[in-house]
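Here is a walk through one protein model. Keep the structure in view as you read.

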Amino acid sequence: MIKKIITLAIILGISVSIIGLFLSSLNSEETISEDYNSEEFSLQNDFIIPPDVVMPTKVSRPGCDIEDICYIPSIIVVEKGDSVTWLNEDSSFHSVTSGFYGEPSGLFDSGYLDPYEYYTLSFDEFGTYDYFCTLHPWMKAQVIVE
Ligand SMILES: [Cu+2]
């Protein structure tokens, strides 16, 4: 009789833990799909943001500097407190780095922007901000805050 009770208790214990595992795996699946949905949502939102400045295709080779179209527009004028959003539309990496090639000013640096990556900065001080691409010396432009 005692053996039967012990066996029953063990079986009950095992089935409870199996049900517990099953339920917890269901829960984690739900969490993953929620995460995925919110990621998808923010991704869609990202593409809705109209960029202020784009790095167009083929600027990774010299020549865009002749017509000053390495960043379009090459000079953007904003008001104090405004933000500027860049979009790398090229298939190469590019950066938005303050200063001049070989002389970064250290104010901002996007790092390498992947194709179709955005970079946003807000400008809270008046001034003319020269910037360049750390990978392509011919790529340079300005943000003017009035
Ligand atoms: Cu570049």
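Start with Tyr71. Leaving aside residues up to four places away in sequence, Tyr71 touches Val53, Met55, Met139 and Ala141. Bear in mind that this model is predicted.

The largest nonpolar core has 17 residues. Six of them touch the most other members: Val59, Cys70, Tyr71, Trp86, Tyr131 and Met139. Strand 3 (83-88), strand 7 (127-132) and strand 8 (140-145) each supply at least two of its residues. Strand 7 gives the largest share, with three residues.

Five strands form an open sheet in the order 2-8-7-4-5. The pairing is mixed. Which strands stand at the edges? They are strand 2 (75-78) and strand 5. Each has a single partner strand, so one side of each is left without a neighbour in the sheet. From one strand to the next, the twist averages 35°.

Strand 4 covers residues 97-100, and strand 5 covers residues 103-109. They pair in the antiparallel sense, over three bridges. Together they form a hairpin, with two residues between the strands. Gly102 sits in the turn and has a positive phi of about 85°.

Phe100 of strand 4 stands opposite Glu103 in strand 5. Thr97 stands opposite Asp109, also in strand 5.

Conventions:
Residues are numbered from 1 along each chain as its sequence is written. This is a predicted model: local features need pLDDT of at least 70, side-chain atom pairs count only at pLDDT 80 or more; totals for chains, interfaces and linings use all residues. Two strands pair if DSSP finds at least two bridges between them. Helices (H or I, at least four residues) and strands (E, at least two) are DSSP runs, numbered from the N terminus. A nonpolar core is a set of buried Ala, Val, Leu, Ile, Met, Phe, Trp, Tyr and Cys residues joined through C-beta atoms within 7 Å. A residue is buried if 20 or more other C-beta atoms lie within 10 Å of its own, exposed if 12 or fewer, and partly exposed in between; C-beta atoms are placed from the backbone. Two residues are in contact if their C-beta atoms, placed from the backbone, lie within 7 Å. Axes are lines fitted to C-alpha atoms, for helices over the stretch in contact, and angles run from 0 to 180 degrees between N-to-C directions.
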